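Have the viewer open and follow along.

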Amino acid sequence: MDLLLWRHAEAQDGHDDLARPLTEHGHRQAKRIARWLERHAPEDLRRCCSPARRARETLEAWTKDYELLPEAAPGAAPLAVLAAIGWPELERPTLIVGHQPTLGGIAALVLAGQHSTWSIRRSALWWFKRRQRHGHVETVLRVVLDAELLD
């Protein structure tokens, strides 16, 4: 099963963390990843998003069809987010748009099976695939995209 993690794009500074909008640069970053997803996203993708404005604006560069995932709000525990989406027994491919350090923690748990503080750049997309191979379950890192390297 596929799990995609997309960190929100660059956001403005502000005191109300949940209300911070994207910068103009952030909108451009989000559009770059959105164009890539338009061509490559798995079919029947479940789209989940932190309730923070910057995460919603990031995802809305691609689609308005998504569900808010309160468990993915800033400061969320990686295990709580994974439990909320049902990992590793996902019903369908799932995208989470969220924040650091939560997404980096999810990446470490999913790929290495341990708690760690991996860093995911703003507006980067990481795509994991969990599969059975030769009688063993393995997780493969399929794609890492940096919005700054896309046209």
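A salt bridge here is a side-chain nitrogen of Lys or Arg within 4 Å of a carboxyl oxygen of Asp or Glu. By that rule the structure holds 10 salt bridges. Keep in mind that this is a predicted model, where local features need pLDDT of at least 70, side-chain atom pairs count only at pLDDT 80 or more, and totals for chains, interfaces and linings use all residues. Residues are numbered from 1 along each chain as its sequence is written, and side-chain values use heavy atoms, with hydrogens and water left out.

**Charged pairs**

| Pair | N to O distance |
|---|---|
| Arg-32 and Glu-148 | 3.9 Å |
| Arg-53 and Glu-57 | 2.7 Å |
| Asp-146 and Arg-121 | 2.7 Å |

The pair of Arg-32 and Glu-148 links distant parts of the chain, 116 residues apart: Arg-32 sits in helix 1 and Glu-148 in the segment after strand 6. Helices (H or I, at least four residues) and strands (E, at least two) are DSSP runs, numbered from the N terminus. For accessibility, buried means under 20% relative accessible area, exposed over 50%, and partly exposed in between (1.4 Å probe, protein chains only). Arg-32 comes in at 18%, so it is buried, whereas Glu-148 is partly exposed at 33%.

Arg-53 is partly exposed at 35% relative accessibility, and Glu-57 is buried at 15%.

Asp-146 and Arg-121 make another tie across the chain. Asp-146 lies in the segment after strand 6 and Arg-121 in the loop between helix 4 and strand 5, so this pair connects parts 25 residues apart in sequence. Asp-146 is buried, with a relative accessible area of 18%. There's a network too: salt bridges with shared partners join Asp-17, Arg-20 and Arg-54.

**The sheet**

In what order do the 6 strands line up? They form an open sheet in the order 3-2-4-1-5-6, with mixed pairing. Two strands pair if DSSP finds at least two bridges between them. Strand 3 (67-68) and strand 6 are the edge strands, each pairing on one side only.

Strand 4 runs parallel to strand 1, joined by 5 bridges, and also pairs in the parallel sense with strand 2 (residues 46-49) over 4 bridges. In the latter pairing, Cys-49 stands opposite Val-97 of strand 4. Strand 4 is largely enclosed by the rest of the structure, because 5 of its 5 residues are buried. In a regular strand the side chains alternate between the two faces of the sheet. Here both faces are covered: Thr-94, Ile-96 and Gly-98 are buried on one side, and Leu-95 and Val-97 on the other.

**A buried arginine**

Arg-7 belongs to strand 1, and its bridge partner in strand 4 is Gly-98. Contact means heavy atoms within 4.5 Å. Not counting residues up to four places away in sequence, Arg-7 touches several residues, including Thr-58, Gln-100, Leu-103 and Arg-122.

**Nonpolar cores**

A nonpolar core is a set of buried Ala, Val, Leu, Ile, Met, Phe, Trp, Tyr and Cys residues joined through side-chain atoms within 4.5 Å. The largest has 22 residues, of which Trp-6, Ile-33, Trp-36, Leu-37, Leu-95 and Leu-125 touch the most other members. Elements supplying at least two residues each include strand 1 (2-7), helix 1 (24-40) and strand 5 (125-133). Helix 1 gives the most, with 5 residues. Beyond its neighbours within four places in sequence, Leu-37 is in contact with Leu-4, Trp-6, Trp-62 and Leu-125. Apart from this core lies another, of 21 residues, among them Leu-3, Leu-69, Leu-82 and Leu-103.
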